[in-house]
Amino acid sequence: MTRSVPWTRIGFAVLVVVSLGLGWWGLALDTTQVPGRTWYDVVYHDLQLFVMGAEPASGGGELSWQLQVARFLAPGTAVYALFEAARALFTGEIRRFRERRAQGHAIVVGQTDAADTVAAALAEAGHRVLRTADASGLHDVGLIGATVLYACGDDSTDATANVLTVAEAENAVRRAGRGPERLYAHVSDPDLGVALQARHLSCAEPGVDFFTLDVIAAQALAVREVRRIVDAPGGPAPLTRLAVVGSGEFARALVVGLAREWELAGDGVRLAVDLMADDAVPVVEALRARWSPVAEKIELRAAPSLGTGSLGVPDVVYVCHASDGTSLRVALTATRLWHGGPGSLVLLLDGLAGLTGAFGTEASRVLDNLDGRLRTVTMRDLLADVERAEARAHADMYERIARAVHHVYLRNQRERGVGWGEVPAMVRWEDLSEDLRASNRGWVVGLPERLARMGATIAPRDGAPEIVFEGAELDELAEAEHELWESVRVAQGWRSGPVRDDDAKVHPMIGVPWSELAEANRDKDRDVVRLLPEILAEFGLEVVRYDESRAGSANGLAEHSGAAM
């Protein structure tokens, strides 16, 4: 790394030396006739020039040009030095004063790897980031003027530490009447994170969210990798073979992410994944029980040790142990993983991110005989995949579920033979119009109120039988779906008309009661309700009853086994 030359300091030192030199020279010339003068006197008076107190120079009269220059230059240098000292003394206070009054910035709380990763991702996206070690410094980093806050402190001993930081910030924002519109708490324990997200969804308050960095990064890697496989020359092979080495949070989230992304991209091709770890068997069982895409969309197999998988030579291997050191050792020593093509060995390095420069991105400089098989990724790199104009490092829970709603819609339409682009909604989320995105977000925000009518709420999946809404209860929820759809469209400026016109925002079903809709249209609303368990299952969530008395046997409520275990 190139260091800048400290020209200011060099210039100041030169001025001091020149002032001393000219002062000594001039004093030596002008005090030659002074009785009893010694060289100590010359040096003493030379130093006095910096405080404008040298007798030979303060009396005026005929002076040598050397002394004339020095008696102005030396005090000027002293004044500059005082100014720099004062600036250094008050720089911290000035900085804190400015930060307290900053506007439009992001705040990252904590001194952890997660905090560093989030702050770097925001900064690389062009956002101004202010940091504080803990909640006590929120005022000093301009909480009221911030647009987003990430609480990423150490929660290893207190799992609720970041949740409490967000709660404190939210209280301060409410008292002030302004502040960040989004408050995010990092939760290292993914099970606790899912539970908190379930409760948050049940409160319908967009802007507060709980996330696990491993999960966000793994999902980003899954998106990247599935696109890479699909876009490869010739497309995916009849049996695409992958292997995930490790069983930590990142490895498990990567398996889930690959399963979800493959639903749309696979086009009927089977994705097979080996999970290679000592505890692979129970981990695979747990993933199948909680995440329906894992159970239904991919072929996940347990390989208790390296090389014992049943898939043969995998096309791509992802080495992502919880310990960077373990991942690095596996990548460098497990030669049986080196038999794929270019880029087939993917190594996650987080805490050892600085080592990525030692490996390169196309051809390894350490293992140069692997011919570019080794690829390295970091958390920071993966978060950079999520580019946002607003100051956020990840999509919040409401956004992710809204994407999932659209994801399920696309998958079902594809299964019915509808092609990409045949209707405005048949495009990926990134290409979807903002009106349609808002409709999906509105569906998520209105979900708790609709479930509360049935005495139900959202909770983490635990493998219990799923609730199914049928009969009159299904129709009641379907009617609520139509009312919600209509209210969102009207808020967006749509109006009723005989023929649908997306450009003019005209739709014939606006203003029509659900009971008067054609049966085919009512079935569409019923389908949305029927798909609710499937959508929530993709996030490890499910619908649960808390008030059985409101279910009503007359509604034909039934239960059946959930996703394959």
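The following paragraphs lead through a predicted model, from its overall make-up to selected local features.

Residues are numbered from 1 along each chain as its sequence is written, and side-chain values use heavy atoms, with hydrogens and water left out. Local features in this predicted model need pLDDT of at least 70 and side-chain atom pairs count only at pLDDT 80 or more, while totals for chains, interfaces and linings use all residues.

The protein chain has 565 residues, of which 47% are buried; buried means under 20% relative accessible area, exposed means over 50%, and partly exposed lies in between, for a 1.4 Å probe and protein chains only. Its secondary structure comprises 19 helices and 17 strands. These elements are DSSP runs numbered from the N terminus, with helices (H or I) of at least four residues and strands (E) of at least two. Among contacts with a separation of 6 or more, 71% join residues 24 or more positions apart, where contact means heavy atoms within 4.5 Å.

A pair of aromatic rings is described by the distance of the centres and the angle of the planes. Rings of Phe, Tyr and Trp (its six-membered ring) pair if their centres lie within 6.5 Å; planes under 30 degrees apart count as stacked, over 60 as edge-to-face and the rest as tilted. The structure holds five such pairs. One of them is stacked, because the rings of tryptophan 24 and tryptophan 39 have centres 5.6 Å apart and planes at 20°. This pair links distant parts of the chain, as tryptophan 24 belongs to helix α1 (residues 7-30) and tryptophan 39, 15 residues apart from it, to helix α2 (residues 39-48). Tryptophan 24 is partly exposed at 38% relative accessibility, whereas tryptophan 39 is exposed at 51%.

Another pair, tyrosine 150 and tyrosine 184, is tilted, with 4.9 Å from centre to centre and 45° between the planes. Tyrosine 150 lies in strand β3 (residues 148-151) and tyrosine 184 in strand β4 (residues 182-186), so the pair ties together parts 34 residues apart in sequence. Both tyrosine 150 and tyrosine 184 are buried. Ring pairs join Tyr150, Tyr184 and Phe211 into a cluster.

Rings also meet charged groups. A charge sits over a ring if NZ of Lys or CZ of Arg is within 6 Å of the ring centre and within 35 degrees of the ring normal. The charged end of arginine 489 sits over the ring of tryptophan 494, 4.3 Å from its centre. Arginine 489 is part of helix α18 (residues 471-491) and is buried, with a relative accessible area of 5%. Leaving aside residues up to four places away in sequence, arginine 489 touches Leu436, Ser439, Trp494, His507 and Ile510.

Helix α7 (residues 190-203) and helix α15 (residues 397-415) pack at an angle of about 85°, with their axes 11 Å apart. Axes are lines fitted to C-alpha atoms, for helices over the stretch in contact, and angles run from 0 to 180 degrees between N-to-C directions. The two helices, α7 and α15, are therefore roughly perpendicular to each other, a term covering 65 to 115 degrees. Gln197, His200 and Leu201 of α7 make the contact with Met397, Tyr398, Arg400 and Ile401 of α15. Helix α7 also contains glycine 193, which is buried with a relative accessible area of 4%.

Terms used. Parallel < 35°, antiparallel > 145°, perpendicular 65-115°, else oblique.
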